[in-house]
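User: Hi! I'm new to this one. Could you walk me through it?
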Amino acid sequence: MLSPKRVKHRKTQRGRAIPNARRAQSGNAVSFGDFGLVSMENKQITARQIEAARIAMTRHIKRGGKVWIRIFPDIPFTKKPAETRMGKGKGNPEYWVAAVKPGTVMFELAGVDSSLAKRAMELAASKLPIQAKFIIRHHAG
């Protein structure tokens with residue numbers, strides 16, 4: 001699963017979950033492949049969910065074509081153990097999450113035809129906790 005090799009801070013603050021976050025300013029265009037999966041809402045996606053989506057996609061395209069993962073889980077998510085009293089500090093990091101804004105291209109795909117890519121992306125989107133949209137790259141020229 002995806003996780004950073006090293007981080008500056010082992011435990012970070014959660015931040016604010018803004019329900020109507022602004023659209024992504026960067027990472028919002030299909031840059032590598034021909035097809036993309038774009039997020040439609042603001043949420044945190046875990047490393048397990050990213051991996052589940054990647055597996056669903058690659059299995060459907062039967063290892064043909066190439067898949068790019070454009071998001072990376074670099075935020076540690078801490079949890080206190082079950083049945084623990086309050087206080088005594090912050091819990092230990094349990095898993096890693098990626099913060100995704102609306103309009104972020106999460107996955108890209110190339111080397112397969114449009115209908116196969118659309119179905120593969122739909123399967124990947126069903127593994128994620130957010131609404132996502134399939135897009136096709138528009139070549140300049």
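Analyst: Happy to! A term to start with: a residue counts as buried when its relative accessible area is under 20%. Keep in mind that this is a predicted model.

User: Thanks! What percentage of the residues is buried, then?
Analyst: Of the 141 residues in the protein chain, 32% are buried.

User: And how many helices and strands are there?
Analyst: The protein chain has two helices and seven strands. Along the sequence they follow the pattern β-β-α-β-β-β-β-α-β.

User: Which residues touch the most others in the largest nonpolar core?
Analyst: That core has 23 residues, and those touching the most other members are Leu-37, Ile-45, Met-57, Met-106, Phe-107, Leu-109 and Leu-128. At least two core residues come from each of strands S1 (35–39), S5 (92–100) and S6 (105–110), and from each of helices H1 (47–60) and H2 (114–126).

User: Which of them gives the most?
Analyst: H2 does, with five residues.

User: New topic: how many cavities of 30 Å³ or more turn up?
Analyst: A search of the whole structure finds one. The volume of the largest cavity is about 60 Å³.

User: What lines the largest cavity?
Analyst: Its lining includes Thr-12, Arg-14, Gln-44, Phe-77 and Lys-90. By class, the lining has four nonpolar, four polar and two charged residues. Strand S4 (residues 75–79) supplies the largest share, four residues.

Methods:
Residues are numbered from 1 along each chain as its sequence is written. This is a predicted model: local features need pLDDT of at least 70, side-chain atom pairs count only at pLDDT 80 or more; totals for chains, interfaces and linings use all residues. Side-chain values use heavy atoms; hydrogens and water are left out. A nonpolar core is a set of buried Ala, Val, Leu, Ile, Met, Phe, Trp, Tyr and Cys residues joined through side-chain atoms within 4.5 Å. Buried means under 20% relative accessible area, exposed over 50%, partly exposed in between (1.4 Å probe, protein chains only). On a 1 Å grid over the protein atoms alone, a cavity is a set of points where a 1.4 Å probe fits but cannot get out, and a pocket is an open set with protein on both sides within 12 Å along at least five of seven lines; lining residues have an atom within 4 Å of a point. Grid points are joined across faces, edges and corners, and a volume is the space filled by probe spheres set on the points. Ala, Val, Leu, Ile, Met, Phe, Trp, Tyr, Cys and Pro count as nonpolar, Asp, Glu, Lys and Arg as charged, and the others, Gly among them, as polar.
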